[in-house]
Amino acid sequence: MSRGAMDPCSEVLLRQAERFSGRVLLAGLPADGLLGELPHAQGWSWHAGEQSQLQTRFPGRTHFGVEPPAGTFDAAVLFLPKSRELTDYLFAALASRVPHGQLYLVGEKRAGVERASKQLAAFGKTGKLDSARHCQLWHCPIDVAPATPDLLALAQRYELPLSDGPLQVVSLPGVFAHGRLDRGSALLLEHLDGLPSGHLLDFGCGAGVLGASLKRRYPDSRLTLLDVDAFAVASSRLTLAANGLEAEVCAGDGIDAAPSALAAIVSNPPFHQGVHTSYQATEQLLREAARHLDGGGELRLVANSFLKYPPLIEEHLGACRTLAEADGFRIYSAKRR
Ligand SMILES: C[S@@+](CC[C@H](N)C(=O)[O-])C[C@H]1O[C@@H](n2cnc3c(N)ncnc32)[C@H](O)[C@@H]1O
């Protein structure tokens, strides 16, 4: 991406570049050229796709994970994420790394940056510094850095009464359907019977509800859980552990990051990204599933009934059957020819 193709939030930061010329931590930064403009800045990403783009372009300058990189900084900037609970955790994590420094917030107005600035006020006196390109930049001086927050203490834990016994679910802030079961996932949980045996994949695993349930039903099958989000990956590990289950959990962007020779791909696939609706990862899944499945391997997914997935599935995989329909969701199944 050239400087001209900068994310609008990055552009707003660069209008005051002198504020960000020291050791600054950019949390949730977009995969654009911002690090190239701020030579002493370091990134922190929890999105595997953005991390890999940043890593290619600025090797060694972005840390990936659910906790900030070690050390302290002169300033930290939070690029507003979608979830309110995640915003609270990230502000606390960043504040703990900027003793006597500045904590900044940047985000789009329509994504709720004004509302998030009220969350920032928990750390000191806030002020709006700029408003441009449909974005706002806020700041808050940190006098005394708080202790590093305990992410595990912020996890939501609940028990699902499934037909084969209760399943413990642990979800971290920012993870899909945080602390509750999504209706689409609930429907898919009722239709996990009869999958081919072999290597199974839970694509877009979130808190790992589907994956953990799969491992319990198919204990002899190898299982991989994949998600683009580090908080989802960490949640899935916690959910598996809470149920005494073992599986491979990996961070990766899209079906390309998945293993091949799979017996089945099971998914409640993503349908929103930030404030922009995006079906890109799901369309890619439907187009590429065949390359990751063994002959006779099955793609089984839940989707909103209004989403026109069957033609794409039939074009790229094989005949698409509707196994169930309820509450505006459908369960689709297709086998590789
Ligand atoms: C609808 S949620 C389902 C979560 C979980 N399986 C459940 O049933 O609760 C979709 C998940 O896909 C993940 N996701 C979004 N884009 C992705 C991508 N490009 N590659 C892998 N996972 C992705 C999201 O982080 C989210 O956890």
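1. Conventions. This is a predicted model, in which local features need pLDDT of at least 70 and side-chain atom pairs count only at pLDDT 80 or more, while totals for chains, interfaces and linings use all residues. Residues are numbered from 1 along each chain as its sequence is written, and side-chain values use heavy atoms, with hydrogens and water left out.

2. Division of the chain. The protein chain is divided into domain 1 (3-148) and domain 2 (155-335), with bounds that come from an automatic or database domain assignment. The centres of the two domains, taken over C-alpha atoms, are separated by 31 Å.

3. Record annotation. An unreviewed UniProt entry lists residues 10-158 as "domain: Methyltransferase small N-terminal"; UniProt positions are given in the numbering used here, feature names are shortened, and annotations may be inferred rather than shown by experiment. Over residues 10-158 the chain is 26% helix and 26% strand, and the end C-alpha atoms lie 38 Å apart. Helices (H or I, at least four residues) and strands (E, at least two) are DSSP runs, numbered from the N terminus.

4. The sheet containing β1. Seven strands form an open sheet of mixed pairing, in the order β3-β2-β1-β4-β5-β7-β6, where two strands pair if DSSP finds at least two bridges between them. The edge strands are β3 (62-64) and β6 (127-132), each of which pairs on one side only. Neighbouring strands of this sheet are turned by 20° against each other on average, direction ignored; axes are lines fitted to C-alpha atoms, for helices over the stretch in contact, and angles run from 0 to 180 degrees between N-to-C directions.

5. Details around β2. Strand β1 (residues 24-27) pairs with strand β2 (residues 42-45) in the parallel sense over three bridges, and W44 in β2 is the bridge partner of A27. Helix α3 (residues 48-57) lies across β2 and β3, running at about 150° to β3, where contact means heavy atoms within 4.5 Å.

6. The sheet containing β10. Seven strands form an open sheet in the order β12-β11-β10-β13-β14-β16-β15, and the pairing is mixed. Because β12 (248-251) and β15 (320-326) stand at the edges with a single partner strand each, one side of each is left without a neighbour in the sheet. The twist from one strand to the next averages 15°.

7. Pairing and packing on that sheet. β15 and strand β16 (residues 329-335) run antiparallel and are joined by six bridges, with A324 opposite I331 in β16. Helix α7 (residues 209-217) lies across β10 (200-203), β11 (223-227) and β13 (262-267), running at about 180° to β11. Helix α8 (residues 230-242) packs on the sheet and touches β11 and β12, its direction making about 170° with that of β12.

8. Interface. Domain 1 and domain 2 bury about 1200 Å² between them, 73% of it on carbon and sulfur atoms; buried area is the accessible area (1.4 Å probe) that two parts lose on being put together, summed over both. W46, V66 and K82 supply 32% of the area that domain 1 buries against domain 2, more than any other three residues.

9. Salt bridges. How many salt bridges does a search of the whole structure find? The search finds eleven, a salt bridge being a side-chain nitrogen of Lys or Arg within 4 Å of a carboxyl oxygen of Asp or Glu, whereas across the interface of domain 1 and domain 2 the rule finds zero. R15 forms a salt bridge with D130, the closest N and O atoms being 2.6 Å apart. This pair links distant parts of the chain, with R15 in the loop between α1 (8-14) and β1 and D130 in strand β6, 115 residues apart.
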